[in-house]
Amino acid sequence: MGRKLDPSRKEKRGPGRKARKQRGAEVELARFLPPGKCGLRRPAAAPRRPPPSDRRVSSRRARERQEEALQSRQKEAARQTARGRSGFSDGNSKWLAPAKAKKTQPKGNHVELSSDGEVEEGWEMEEEEDGSSEEMVDDYGASSSEEEELLPIEKAALKQKPEREGLSEDDSEEEEEEEAEEASKQKMGQKEEEGPDLQLNLDIDEQFKLPTSEEIEKEDILFILFPPAEPPDLHIIHQRIQGNMEVLQDFGAKREEGRSRQEYLALLRRDMAAYYSYSDFLLTKLMDIFPLPELVNFLEANEVPRPVTIRTNTLKTRRRDLAQALINRGVNLDPLGKWSKTGLVIYDSTVPIGATPEYLAGHYMLQGASSLLPVMALAPQENERILDMCCAPGGKTSYIAQLMKNTGMILANDSSAERLRSVVGNLHRLGVTNAVVSNCDGRQFPKVLGGFDRVLLDAPCSGTGVISKDPAVKTNKDEKDILRCAHLQKELILSAIDSVNAASETGGYIVYCTCSIMVEENEWVVDYALKKRNVRLVPTGLDFGKEGFTRFKDRRFHPSLKCTRRFYPHTHNMDGFFIAKFKKFSNAIPQAQKEPALEAAAPSATPDTIVTEPPAKKKKLEGSKADKEQKLPQPALKKKHSLQAQKRPLKA
């Protein structure tokens with residue numbers, strides 16, 4: 001295949017047909033020289049152009065050299081005219097005479113471009129026998145000088161009369177510095193003059209002016225009729241919110257005359273609803289719960305997701321071993337806090353947290369930090385019977401089994417059969433063996449099974465505490481949804497209390513929790529349970545968290561609601577949560593008192609009220625007498641009634 005290369009055979013290679021040597025500079029330049037002046041030396045590099053900082057000095061030196069060359073030319077011209085010259089006429093002797101000037105350039109050849117774009121060449125000739133050297137003239141009679149090296153602006157400066165010929169280089173630098181200082185002083189003076197005006201403008205801008213109701217109505221009408229193509233400027237709305245809050249914090253000093261506080265609050269609510277995308281109803285509820293500075297912090301915290309947290313499954317591993325295994329996989333983590341012995345917070349990870357071998361082996365559970373708190377408040381003991389009424393997806397149930405060390409019995413109930421699938425999967429993965437899963441309605445649960453030592457009720461709610469997870473809550477909740485959830489929660493909490501055995505040696509506790517911050521779903525429900533059942537509130541055992549409300553607007557709740565705990569995303573960096581812990585002291589159900597005077601004297605909210613049991617024996621006796629009378633024949637009944645009438649005393 002093809003010719004093979006023989007390394008022993010070497011072919012001679014030379015210049016090709018087109019590779020011709022270029023003639024040297026001596027041959028080319030000899031054509032422009034006279035016949036006797038052909039001795040050229042080795043060409044040297046062109047002279048280096050001075051840097052821009054030394055151009056002023058170089059221009060002064062060039063001017064001096066130009067004057068010297070001019071004087072020498074004049075002397076030579078006078079000398080030539082005096083003695084005459086062969087080969088030239090008197091008319092041509094002036095411009096054909098070669099100029100004798102001192103050579104200022106280095107020896108060698110240099111090529112330059114003139115202003116006309118022509119090439120100027122200069123050569124240094126060999127010294128003659130008498131030691132004199134002459135500068136050669138090119139074809140056009142122009143000798144090479146440093147004048148062509150100058151910039152156009154420098155040439156213009158040479159034409160003007162120099163005012164600083166006697167100044168040295170240091171003096172010129174000092175003058176430049178003085179001029180720069182004067183210019184800077186002038187600028188500073190202008191800034192100082194403009195300073196008060198600028199400050200005055202800032203003060204004017206900082207004053208918040210409330211728009212009139214007519215302007216607001218016009219904006220609303222225009223927005224409805226002609227919706228803008230672009231969304232509103234959020235920066236302007238944010239500035240208006242800040243200005244409005246500053247006025248509200250010092251309302252007496254900063255408010256406009258003739259404007260009420262309600263007008264400022266209405267504008268603030270309108271701007272916040274537009275800036276944070278909340279419904280007017282929900283924002284009104286939040287403004288009733290939080291003070292204004294805290295409200296902004298809460299709204300900002302809902303825009304940021306909560307940190308990812310996991311709970312160590314101590315049934316299979318220890319937290320130290322789990323943390324080391326995850327760190328080896330590229331997970332950046334830290335302990336959750338001093339209050340938790342099993343929690344870890346995940347900052348970032350190179351692997352998916354929900355698909356590691358440790359997760360699949362059941363060493364940990366992905367669970368929010370706020371979901372650990374209800375189980376810690378419940379404090380389950382070993383060998384107890386515990387009911388988790390709303391257990392899906394199984395995080396709290398597995399935590400209870402972990403604290404009980406797989407002893408006793410846990411009944412995990414949920415009304416949704418689809419959600420129970422995740423519960424079963426998590427319990428199998430985590431190694432829980434003491435749990436029984438049921439699918440029943442929690443409101444009917446005491447009829448199914450009762451007598452539990454402890455009950456955990458994580459009631460379904462509106463989800464206003466987990467807005468960072470579900471932003472749709474901002475707009476899809478209204479008053480009906482809140483009241484519907486509150487009614488369901490009241491039914492569930494009564495059912496949970498009835499499922500607990502008050503005579504339990506170690507238990508008798510109920511923990512009620514929601515992931516909502518609405519008062520209607522938390523304190524209102526707890527106060528209702530205190531009135532309807534023989535329970536009282538006890539401390540939750542949690543060292544942090546804010547106390548629950550004992551009064552809200554025109555409502556007054558039981559003073560023991562201080563034992564409840566509220567958790568917020570902007571203060572505790574976890575989902576919004578509410579926790580209350582009850583202790584049941586009697587299995588009897590109190591009866592509603594009919595007389596309003598007794599209700600006013602002894603309110604039913606106090607848990608220590610004495611309840612009288614219904615007279616069941618009297619009812620049984622009356623029922624037995626009626627049955628006997630029905631069994632007797634009619635003549636016997638007539639005789640009996642006549643005897644009873646005789647025994648009664650006659651009235652006067």
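Mentor: Happy to! A word on the record first: UniProt positions are given here in the numbering used for this chain, feature names are shortened, and annotations may be inferred rather than shown by experiment. With that in mind, the "active site" annotation, from an unreviewed UniProt entry, covers Cys515. The model is a predicted one, in which local features need pLDDT of at least 70 and side-chain atom pairs count only at pLDDT 80 or more, while totals for chains, interfaces and linings use all residues. Residues are numbered from 1 along each chain as its sequence is written, and side-chain values use heavy atoms, with hydrogens and water left out.

Cys515 sits in the loop between strand 11 (509–514) and helix 19; helices (H or I, at least four residues) and strands (E, at least two) are DSSP runs, numbered from the N terminus. Setting aside neighbours within four places in sequence, Cys515 is in contact (heavy atoms within 4.5 Å) with Cys461, Gly463, Thr464, Gly465, Val466, Gly576 and Phe577.

Now for the charged pairs. A salt bridge is a side-chain nitrogen of Lys or Arg within 4 Å of a carboxyl oxygen of Asp or Glu, and by this rule the model has 19 salt bridges.

Glu523 lies in helix 19 (residues 523–532) and Arg566 in strand 16 (residues 565–567), so the pair ties together parts 43 residues apart in sequence. Both Glu523 and Arg566 are buried, where buried means under 20% relative accessible area, exposed over 50%, and partly exposed in between (1.4 Å probe, protein chains only). Elsewhere, salt bridges that share partners join Lys285, Glu479 and Glu520 into one network.

Another pair is Glu491 with Arg443, whose closest N and O atoms are 3.2 Å apart. Glu491 belongs to helix 18 (residues 479–498) and Arg443 to the loop between strand 9 (435–438) and helix 17 (445–448), 48 residues apart. Glu491 is partly exposed at 28% relative accessibility, and Arg443 is partly exposed at 40%.

Finally, Arg329 forms a salt bridge with Glu358, with 3.0 Å between the closest N and O atoms. This pair links distant parts of the chain, with Arg329 in the loop between helix 12 (319–328) and strand 4 (331–335) and Glu358 in helix 13 (residues 357–360), 29 residues apart. Here Arg329 is partly exposed at 35%, whereas Glu358 is buried at 10%.
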